[in-house]
Amino acid sequence: MLIGSKLINHESKTYFIAEIGSNFDGSFKRALKLIDIAKESGADAVKFQHYTADSLVSDEGFRNMGNSLSHQKDWSGSVFEVYDKASLNKQWTKELQEYTKSKGLGFITSPYSKDLIDYTYEYLDAIKIGSGDITWTEIIEYASKKKKPILLGTGASDLEDVDIAVKVINKHNNEFCIMQCNTNYEGKKEDFKYQNIFVLKEFKSRYPNAILGLSCHMPGHLSVLAAVSLGAKIIEKHFTDDNSRPGPDHKFAMNPKAWVDMVNETRKLEDLLGNNIKKIEDNELDTSIVQRRAIRLKRDMQANEIIKYEDISILRPCPKDAMKPSEVE
């Protein structure tokens with residue numbers, strides 16, 4: 001699949017998406033600043049979210065539940081109010097996209113309605129379907145018809161949910177990434193046991209033509225390294241310049257230092273993983289000579305003299321023109 005000018009396949013380097021989300025805190029200038037910092041930190045793309053509170057959440061529905069579930073219990077204000085305050089002004093889309101492109105980054109968003117898909121898709125390098133919409137097959141199909149790469153979040157879902165969503169995408173689009181995700185945003189260390197990175201093996205077997213990815217809300221980058229080692233090629237993490245800022249996403253987002261560490265460690269891991277071709281590596285050429293054994297004569301022998309087993313020994317080194325012990329017969 002192509003995200004902008006970047007080809008992503010099973011051999012490519014890991015593609016990092018900095019999820020700015022609502023961390024621009026209502027400021028256009030701050031959004032531009034975060035794009036700059038994401039670029040400096042080694043991101044390949046930035047991602048925003050396009051929604052309006054009234055097209056995303058039911059104020060009455062959340063109030064009836066007491067606005068007290070999961071990470072939302074710590075929000076100041078109702079769920080509706082927080083989403084309303086955190087929403088992106090869609091009029092900024094073109095300028096944000098142009099600025100992002102000027103920095104050589106991909107531009108991605110999660111558009112949470114048909115109208116917003118229509119409004120944003122011409123600016124996008126890919127469309128992210130958030131985990132919360134995995135069962136809204138109508139919006140998945142609508143997005144897939146736009147012929148942009150689809151990134152499918154699979155948090156808080158089971159395999160049947162994923163199967164149905166992938167089937168819908170495949171009717172119209174064969175460029176998509178399935179992203180393992182755990183949608184608890186509290187970032188507690190005890191939540192590591194719920195990340196289930198191993199499910200990427202099932203995704204690889206079940207959807208061999210899909211790109212694998214991880215959308216992660218845990219602190220640090222251990223989950224990222226685990227996912228990359230199992231074949232993930234796209235990583236999405238929330239991004240901020242300051243974890244102490246107020247707002248729904250700053251606390252569990254990665255700051256620039258953590259982001260740089262993640263990218264650097266992933267690049268090291270990619271070098272370690274290599275490929276599936278077993279060969280004598282370039283840095284082993286000398287040791288393959290000095291550590292391997294060769295068939296050697298124990299004594300000087302005459303031409304045409306028959307060599308017997310007792311005339312030979314198996315000793316190091318093994319120059320290129322030597323006979324291997326496996327050729328002794």
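**Entry 1: strand pairing**

I take two strands as paired if DSSP finds at least two bridges between them. The model I am examining is predicted. I looked up strand 4 and its partner first. Strand 4 (residues 45-50) and strand 5 (residues 106-111) are joined by six bridges in the parallel sense. Within this pairing, I found A45 opposite G106 of strand 5.

I then followed the sheet as a whole. Eight strands close into a barrel, and I read their order as 3-4-5-6-7-8-9-10, with parallel pairing. On average, neighbouring strands of this sheet are turned by 25° against each other, direction ignored.

**Entry 2: K47**

I located K47 in strand 4. Is K47 buried or exposed? Its relative accessible area is 1%, and because the cut-off for buried is under 20%, I record K47 as buried. I listed its contacts, leaving aside neighbours within four places in sequence: I17, A18, E19, I20, G21, I108, T109, S110, K128 and E236.

**Entry 3: P149**

I placed P149 in the loop between helix 7 (137-144) and strand 7. P149 counts as buried, at 5% relative accessibility. With neighbours within four places in sequence left aside, P149 is in contact with M1, L2, D125, A126, I127 and E175.

I looked up what helix 8 (residues 159-170) covers. Helix 8 lies across strand 7 (150-153) and strand 8 (176-181), and runs at about 160° to strand 8.

For helix 9 (residues 199-206), I noted V199, L200 and F203 as the buried residues. Viewed down the axis of helix 9, these buried residues fall within an arc of 105°, so they line one face of the helix. An α-helix has 3.6 residues a turn, so residues three or four places apart point the same way. K204 and S205 are exposed on the other side of helix 9. What do the buried residues of helix 9 pack against? I found helix 8, strand 8, strand 9 (211-216) and helix 10 (222-229).

**Entry 4: aromatic pairs**

I counted 10 aromatic pairs. One of them is F24 with F48, a tilted pair at 6.4 Å centre to centre and 55° between the planes. F24 lies in the loop between strand 3 (15-19) and helix 1 (28-41) and F48 lies in strand 4, so the pair ties together parts that are 24 residues apart in sequence. I record F24 as buried at 1% relative accessibility, and F48 as buried at 0%.

I next examined F28 and W92. Their ring centres are 5.4 Å apart and their planes stand at 65°, so I class the pair as edge-to-face. This pair links distant parts of the chain, 64 residues apart: F28 is in helix 1, and W92 is in the loop between helix 4 (79-86) and helix 5 (93-102). W92 is buried, with a relative accessible area of 17%. Finally, I noted that F24, F28, F48, W92 and F107 form one aromatic cluster.

**Entry 5: charges over rings**

I looked up lysines placed over tyrosine rings. The charged end of K90 sits over the ring of Y119, at 4.6 Å from the ring centre. The charged end of K146 sits over the ring of Y121, at 4.5 Å from the ring centre.

Terms used: Residues numbered from 1 in each chain as written. Predicted model: local features only at pLDDT ≥ 70, side-chain atom pairs only at ≥ 80, totals over all residues. Heavy atoms only, no water. Helix = DSSP H or I, 4+ residues; strand = E, 2+ residues; numbered from the N terminus. Axes fitted to C-alpha atoms, helices over the stretch in contact; angles between N-to-C directions. Contact = heavy atoms within 4.5 Å. Buried < 20%, exposed > 50% of the residue type's maximum accessible area, 1.4 Å probe, protein only. Arc of directions from axis to C-beta. Phe/Tyr/Trp six-rings, centres within 6.5 Å; stacked < 30°, edge-to-face > 60°. Lys NZ or Arg CZ within 6 Å of the ring centre and 35° of its normal.
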